[in-house]
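Work through the exercises below with the model open. Try each task before you read its solution.

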Amino acid sequence: MKGRLILASLLVGLAGYGGVQAQAAETTTVATPYRESELSNLKQAKQVSAGKTITLDLVLKTRNGSKLTSTALAVNTKGNKQFKKYLTPKQFRQKFGQSTTTTKRLVTYFKAHHLKVTTYNNGLIMQLKGSASAVNKTFATKLKTARYHGEKIQYSKKIPKLPKNVAKPIKAVVGITNMVKLSSLADTSSTSSDGPTSDGAPQNFLTQYNATTKATRGNKGKGQTIGIISFSKVVKSDITHFWSAEGVSSSASRISVKATGGDHIWVDVDPGNDETALDVEQAGSIAPKAKIRVYTASLSDVGWINSFASAFAENKASSLSLSWGLSEGVLQSLNKYHLLTPLYGTIMSTLLAQGATQGISTFAASGDTGAYGESLKRDGSTTEGIYANFPANNPWVTATGGTTLPVEGTLANGITVKINQERTWGGDYLFDAYQKDKTFFTKNDELMGMLQAGSGGGISTLYGTPKYQKGVSGVNTYNARQYLTASGLPNLNTSLIRGKASGRNYPDVVADADPLTGYDSYTRTDGWNVIGGTSVVAPQFAAMTAVINSNRSKRMGLWNPQIYKLAQTSKTPFTTLDAATNNGNLYYVGQPGKTYNQAAGLGTVDFGKLAREYK
C-alpha cells in the first residue's frame, strides 16, 4: 500500500467577510473552490447529475479559539492546576463550539433547502447531504466534473454563496471539490508464510520494549476502548482468525464499527482490507482485553473530518490510531495553485486539539518514505522532496516512527546483511550490499523498495514548534545525510549536513517498523504475511495506552507534554538512538548527545519505566 495514491475531495474555505463584494447585499461568498480559470487541460467537462448525492461538511467558527491551545496543554501538563481535568464533549462545546441555538437555526435553514443535516456535538461540524440540484440551489453553485490530467475531479464553476446571517458562524464548507492525494502508511514489502511466525508475533513488541511488567500488563486493557480510523470495510472473521492463531482473545464482540459519513469519490482504497486488518490485529493483540472501535470513513476531506469528529463526540476511545497520511508538499502545491485553502491545517488541528482536551491519546504513523514526500506540479505530475507528513506533524498527536531490530541474513546473491543493534529504520543499511552487486538490486523491485524506505520524520512548515518541544536539545537543529540521489538511487558518498529550522519536529517515539523485522498479519485475501511500516507502530502505542489506562483512574491523555519533560530527566523511559551514522531515515540522522533527533524522535520506549513515571 505504500505509494498507493488516491484522489479525494478537496477542502475549501471561507474568504474573509471584510472586502468580499457579493452579487446581492444579503449574500456573501462562503468558499473558494476550484476555479476553471486555474485548471489547465480540462477535458470532458459536464454538469454533475442533478440527482447525484453530495456530502458536505460545514465547519463552524471556534469560539474562544485563542484559549483552545492553552486549555489542551493545561489539562495534559503535570503541575498545572487544570492537569487531568479533561473536558467532556458537552463541556468542550460550551467553551469552544457554537451554541445549540446557532446550530438549530442552521439546521432549520438547510433542511428547508432539502438537505439532510447531521450535527456533531462539538458545535463545530455539521454534515449536509442531498442532491446536487439542492446543493446548487442552496449555495448558488454549479457543480461540474471533468478529466484533469487523466483523473476525474469535481468542482464548482461558481463561487458558493449564502445569506450573510447564515454564513456568519460558518468557517468553511468542505466537499464542494475533490483533489487531495492520500496514502496508506503500511509498507507493502512483506514475506508470506503458512501461519503465525515466532519472530512476527505481536507479543514480541511487549518483550522488546519491556511491556511485560506488572505495571504495564495488569488488566491488559480491560475497561478500555481503542479507536482505529479506517478507510475500508472491517472483516471481523480475518481479525478473529489472527487473534486466535496468535493466542489472544478472539471474540468478535470485542470489535464494533461506526460508519462516520462521507462519499467514496474513487475506488476502494484498501481492497484487501490489509491496513484495517493490520491495525486492529495489532491493537487487539497488545491489549487483549480492550475493545476495538473502528471508525470507517471515505478517503476524503469529509470522511477524514467526520471520522475524528465522531470518535471525539463519542468519547469512548481513550486512545486513537491513524495509519494514513498526506505530504505537506501536496498541501503547499494545492495552495500555490489556488486549489486548496490554508484553512485545511487549522481545521484539522482544532479537531485534534479537541481530542487532547478530552484526554484522548491520538497516535499517527510518521510515514514510510523517510524524510521524503510528494509535491504536485502544475501539469498534475508529482515530484519528491523533503516534506513533513500530515497529520503526524500535528502538535496534538503523538507521531510514531520506526526502527529496525538487530538482524543478520544472506541475500539470494550470497551477500550478507547484518545489523548489530536497533537503529532508525532506513534503507541505507543495504547500501554496502548494493555497492557489491548493483545489478542484483536494480533487477529486483522489492529490494529497491527496501533501499528507498525509511521512517518518516522531519520538521513541519505547516505547524510551529509546540511549547512542549521548545528548549529540548536537538529540536530545531538537525544532522542529515543525502542518502538518495535525485533519481532515487543510493548516494554512496554522503557527508554530514548540519542545519537549523523551526516548526513542529516529528516523530516523537519509535519502535520496530521495518518489514525485515516486522509483524504477522492476516487477511483471507492475502493469507499470512510478515509486514512492516510505521502504521504498525501507531496501533501498538494506542494499545499500550489502553493497557496503562486500565490500571488508572484517569486517562494518560496527550503523551507529548509529559514525555518531553521525562526525556530530559534521569528517570527517562527512552533509549535515545542518536548515532550520526547507521541510524538515518534516508536524510535525517542522530545528533549525538542530544535528547531529540528527527530520525528517531526521543527514541524507543521502556514501557515499564513509562508506566511508573508517567503521571
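**Exercise 1. Aromatic pairs**

Task: How many aromatic pairs does the count come to?

Solution. Start with the rule. Rings of Phe, Tyr and Trp (its six-membered ring) pair if their centres lie within 6.5 Å. Planes under 30 degrees apart count as stacked, over 60 as edge-to-face and the rest as tilted. By this rule the count comes to 24 aromatic pairs. Now take one of them: Phe110 and Phe139 lie 6.0 Å apart, centre to centre, with 25° between the planes, and the pair is stacked. Phe110 sits in helix H3 (residues 100-112) and Phe139 in helix H4 (residues 132-139), 29 residues apart, so to speak a link between distant parts of the chain.

The model is predicted: local features need pLDDT of at least 70, side-chain atom pairs count only at pLDDT 80 or more, and totals for chains, interfaces and linings use all residues. Residues are numbered from 1 along each chain as its sequence is written, and side-chain values use heavy atoms, with hydrogens and water left out.

**Exercise 2. H10 against H12**

Task: At what angle do helix H10 and helix H12 pack?

Solution. Locate the helices, which are DSSP runs (H or I, at least four residues; strands are E, at least two), numbered from the N terminus. H10 spans residues 301-314 and H12 residues 343-357. Their axes are 9 Å apart, at an angle of about 15°. Axes are lines fitted to C-alpha atoms, for helices over the stretch in contact, and angles run from 0 to 180 degrees between N-to-C directions. H10 and H12 are therefore roughly parallel (under 35 degrees; over 145 is roughly antiparallel, 65 to 115 roughly perpendicular, the rest oblique). List the contact (heavy atoms within 4.5 Å). H10 brings Trp304, Ile305, Phe308, Ala309 and Phe312. H12 contributes Tyr344, Ile347, Met348, Leu351, Leu352, Gln354 and Gly355.

**Exercise 3. H8 against H9**

Task: Which residues of H8 and H9 meet?

Solution. Find H8 at residues 236-246 and H9 at residues 274-286. Their axes come within 10 Å and cross at roughly 40°. H8 and H9 are therefore oblique to each other. From H8 come Asp238, Ile239, Phe242 and Trp243. They meet Ala277, Val280, Glu281, Gln282, Gly284 and Ser285 in H9.

**Exercise 4. An open sheet**

Task: In what order do the 3 strands of the open sheet lie?

Solution. The order is S27-S26-S33, with antiparallel pairing (two strands pair if DSSP finds at least two bridges between them). S27 (497-500) and S33 (588-589) stand at the edges, each with a single partner strand, so one side of each lacks a neighbour in the sheet. S26 (residues 477-480) pairs with S27 over 4 bridges. In one of these, Ala480 is partnered by Ile497 of S27.
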